[in-house]
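Q: I would like to learn how to read an annotated structure. Could we go through it one feature at a time?

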Amino acid sequence: MAYDVVVIGAGPGGYTAAIRMGQLGLRVALVEERDLGGVCLNWGCIPTKALYSATKLIERVQDAAGMGLSFAAPKIDLERLAAWKSEVVSKLVDGVSSLLEANDVDVIAARGALAGTGRVSLSTGETVEAQAIVLAAGSVPVEIPGFSFEDDGLWTSTDALELLEIPERLLVVGGGVIGLELASIYNRLGSAVSVLEMMPEILPGIDLDRRTIVTLKRALTAQGITLRLGAAAQSHETTSDGIVVKTRGDADPITADRVLVAVGRRPHSADLNLGKVGIEPDRRGFIAVDASLQTTAEGIYAIGDLTDGPMLAHRASAQGIRVAEHIAAELGKDAPAAEGDAREMIIPQAIFTDPEVASVGLSEARAKKEGIDAVVGRFSYAALGKALAMREPQGFFQVVAERDSGRLLGAQVVGAEASNLIAEAAVAVAQGLTLSAIAETVHAHPTLPEGLKEAAENALGR
Ligand code: NAI
């Protein structure tokens with residue numbers, strides 16, 4: 001079989017690249033051994049957000065008494081909730097499948113690996129040939145010594161999302177993004193949740209300012225989640241009372257009914273047979289790419305979690321588009337010319353805890369570290385009419401800008417709908433807009449985005 005391009009991996013990076021290349025008139029094969037949509041659609045972003053929104057409702061109902069509305073305690077039909085979550089996933093997977101079909105992409109159900117320049121070997125025994133290859137195999141969860149995913153009672157995020165039970169006591173190992181999102185979901189479902197984080201603070205891997213972390217920590221604790229920081233999980237044993245987890249740096253062992261291990265992910269690069277074409281991943285497994293996302297091997301590209309940077313679906317799909325247009329142009333198709341280094345795109349991040357946390361660009365601390373003369377502005381949710389009317393007074397908006405030019409360098413939002421609100425700041429940072437551009441744009445009243453405008457006004461000393 002011969003194609004213009006073969007893509008290995010049908011996650012948000014791979015399927016987006018394949019669809020775009022199909023649109024641009026290339027003959028594309030997409031090799032995927034599991035389900036279309038990858039981790040994000042099937043076992044990550046989407047099912048988590050379905051459960052996030054469902055359990056947010058529980059919390060809203062419980063809080064409604066303050067507005068004079070009382071409801072009976074919510075009854076949770078776990079089977080129905082799991083089925084609804086799966087319906088959301090299926091709809092999206094079907095959508096991806098239709099788009100691939102509509103753009104004449106051949107989906108090959110197999111595991112793919114490199115067999116040489118322009119050659120991909122399939123687990124079915126066949127080989128496909130192409131002028132270009134895109135590696136988009138994503139990432140897999142990291143295991144830590146003493147906690148094998150095969151062990152009884154231990155959960156990966158995929159197990160937790162299956163929603164087979166609500167454990168009475170859930171211990172989450174890892175106070176990163178997955179740990180905190182799932183801790184919040186199970187806490188709302190009624191589990192007594194503790195989080196073990198080996199670093200002194202939660203979310204140590206993300207560029208967030210102290211004030212943001214403190215606001216989130218205070219809220220999580222108020223919701224009844226126990227945070228044990230500076231405590232690394234070391235070993236576990238099953239006793240008649242449950243699973244006992246011993247830690248380093250924190251004297252008391254913790255007993256739980258289920259232990260969710262979410263200690264990071266690593267690039268899924270080991271099975272790609274990279275050595276065949278001379279690609280050497282770094283110590284952590286990341287594949288080096290140039291500004292067009294080409295690896296050290298000519299005609300072989302890598303995108304998404306396989307490359308160094310935040311492991312986020314939207315980074316992968318943005319790179320998928322970039323690589324697709326680059327390859328199409330290389331192969332003589334009429335494709336829009338991409339500008340700039342594809343490794344340096346501005347990537348916002350949203351964390352679905354309560355309150356939500358979202359950020360883009362530089363934090364105040366990072367700007368200072370880089371020696372930038374920066375000005376900071378903030379505005380509190382408690383002073384926003386819309387936030388009060390929503391009964392969501394927690395949190396704040398923050399902007400960081402270059403003092404002289406006023407150019408926005410970064411923003412953080414912690415509070416209701418932060419994940420949606422960060423988009424405006426992302427446009428501003430990515431397009432080089434200034435504080436004045438935000439402050440002088442009329443924002444509808446009463447709405448939450450007014451908070452960003454007010455933070456910009458604050459930074460301008462108004
Ligand atoms: P992570 O890197 O965010 O967090 C893992 C945490 O585990 C770290 O804070 C680390 O210090 C801690 N840890 C490691 N070993 C430990 C031990 N023995 N005991 C206690 N703590 C330990 O990784 P996570 O949460 O697994 O997520 C993986 C990736 O998925 C992340 O890169 C994230 O960007 C992405 N993701 C993003 C989401 C979003 O943007 N909303 C949602 C879920 C995942």
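A: Start with L69, which is partly exposed because its relative accessible area is 44%. Buried means under 20% relative accessible area, exposed over 50%, and partly exposed in between, with a 1.4 Å probe and protein chains only. This is a predicted model, where local features need pLDDT of at least 70, side-chain atom pairs count only at pLDDT 80 or more, and totals for chains, interfaces and linings use all residues. Residues are numbered from 1 along each chain as its sequence is written, and side-chain values use heavy atoms, without hydrogens and water.

Q: Where does L69 lie?

A: Helices (H or I, at least four residues) and strands (E, at least two) are DSSP runs, numbered from the N terminus. L69 sits in the loop between α3 (45-63) and α4 (78-102).

Q: Which residues come nearest to the ligand?

A: A residue counts as near a molecule if one of its heavy atoms lies within 4 Å of it. There are 24 residues around the ligand, and E181, E197, A233, G264 and A350 come nearest. α6 gives the most to this shell, with 4 residues.
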